[in-house]
Each structure stands twice: as structure tokens, then as C-alpha cells.
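Subject: Structure for your review

Dear colleague,

Please find below the sequence and structure that I am handing over to you. My notes on what was found follow directly after.

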Amino acid sequence: MTSATPDPQETDVLGSMPSTNTASYANRSGLLRRFDHFASAATRWCGTPVAFCLAVATVLVWAALGPLNAYSENWQLVINTGTTIVTFLMVFLIQQSQNKDSVALHLKLNELLAAHKSASNRMIGIESLDEQDLREVAAFYTRLAERAESAGPVKEVHSIDEDGMPASAPYTHRDRERARALPR
């Protein structure tokens, strides 16, 4: 009999973007779901011409009130404080929407990789690699581009699974670090 409780190692920290390779990705709380919908709607609305015109109108009203307030420090503080607060809050809303879009894009790419018979399934989930591993994979594709350029108009299908990358790629950097740590 299996437990309905998620594995603690698969549980995400509250408010974090869950990893796409855990079961908890599908089991988000109602609070996070509502925040996600709010963040998506807010960022979509803030990118509209209406929102831009409202921001311009706010600045124009503030500027028009300048002479009435003798361009005082308090008058300046109003716009500085207002824009700082709005910017601070929008950073988090935009980041939430960006995280969601990024995860969705990675899932779509993973599906394409998994569905295409000549694509390497080792590329699925590559976004979780560290920077050094990604550089090694990028170097492989640079070599592949050079090879394709020298081949001329001949079209060939290539994959990271072929020669030129070690069998453990794209995990070469991590594997080397682990191998160094093993006793000899």
C-alpha cells in the first residue's frame, strides 16, 4: 500500500518554484495557485497600454503639483517612495511569472526531445546542470557547428550521444569531481 503523503525529499520549500522532476510539482497548494494566477494577471495587465498611460498620467499629475508644493523635498519624496514600492513589488510578481514561463518552456522542450527519435534524452532536464557542465555541453555544440560548417551543404543529423562527448556527458565536470573525491 502506498502512502498519499509526498516524499519529504520531493517537497518544495513554500514559495519556491518546484523542480519539474518531482511529484510535488503537480501538488501545489491553493495559496500558491492563487498567487500564481494573481501574478500572471498582474504582469499581463502591467504590460498593457492602459497601465502605461496610467503611469504616465500619475507622473504628469505629480509634476503638475510641483509648483503648488514649491518643489519641496516632500513633493519629491512622494514620487520616489511610490515608484520604489511599486518597483519592489513588481520585481517579485514578474519573477514569479518568469519562473512559471521558464518551467513551461523547459517542459515543452523536454517533450520535444523525448518525442524525437534522433534527439538525445540525456538533454532532458539539462537546465539543472551547474555552469561548468553547461559550458562543456556548449563546447560540444561549438565543435559540432564547426564540423557542420566544414561539411558544407551536406545535411547530417547529430546528437550529443555520438562520439566527441564522453559516455557520461553532459555530467562530465561533476563526474570528474566525484572521481577525485574517491579514495585510490
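Helices in these notes are DSSP runs of at least four residues, numbered from the N terminus. Please bear in mind that this is a predicted model.

With that naming, N121 is placed in the loop between α3 and α4, the latter spanning 131-151. N121 has a relative accessible area of 48% and is therefore partly exposed, since that class covers values between 20% and 50%. Apart from its neighbours within four places in sequence, N121 is in contact with L113 and A114. The C-alpha atom of N121 is also separated by 9.0 Å from that of D161, although the two residues are 40 apart along the chain.

Phi of A70 is near 55°, a positive value in a residue other than glycine. Phi of Y71 is likewise positive, near 50°, and this residue too is not glycine. Y71, at 49% relative accessibility, counts as partly exposed.

I turn next to the packing of helices. Two packed helices are described by the angle between their axes and the distance between the axes. For α1 and α3, the axes come within 9 Å and cross at roughly 105°. An angle from 65 to 115 degrees counts as roughly perpendicular, and α1 and α3 are therefore roughly perpendicular to each other. By class, their contact has eight nonpolar, four polar and two charged residues. On the α1 side, the residues that meet α3 are F35, D36, F38, A39, S40, A42, T43 and C46. Their partners in α3 are M90, L93, I94, Q96, S97 and K100.

Finally, there is the matter of empty space. Rolling a probe the size of a water molecule over the atoms shows where such space is left. The largest pocket holds about 420 Å³. It is lined by 18 residues, of which A55, T58, G82, T83 and V86 are the closest to its centre. Which helices supply at least two residues each of this lining? They are α1 (30-46), α2 (49-64) and α3 (73-115). The largest share, eight residues, comes from α3. By class, the lining has 14 nonpolar and four polar residues, with no charged residues.

With kind regards

Technical notes
Residues numbered from 1 in each chain as written. Predicted model: local features only at pLDDT ≥ 70, side-chain atom pairs only at ≥ 80, totals over all residues. Heavy atoms only, no water. 1 Å grid on protein atoms, 1.4 Å probe; cavity = no way out; pocket = protein on both sides within 12 Å on 5 of 7 lines; lining within 4 Å. Points joined across faces, edges and corners; volume = space filled by probe spheres on them. Nonpolar A, V, L, I, M, F, W, Y, C, P; charged D, E, K, R; others polar. Axes fitted to C-alpha atoms, helices over the stretch in contact; angles between N-to-C directions. Parallel < 35°, antiparallel > 145°, perpendicular 65-115°, else oblique. Contact = heavy atoms within 4.5 Å. Buried < 20%, exposed > 50% of the residue type's maximum accessible area, 1.4 Å probe, protein only.
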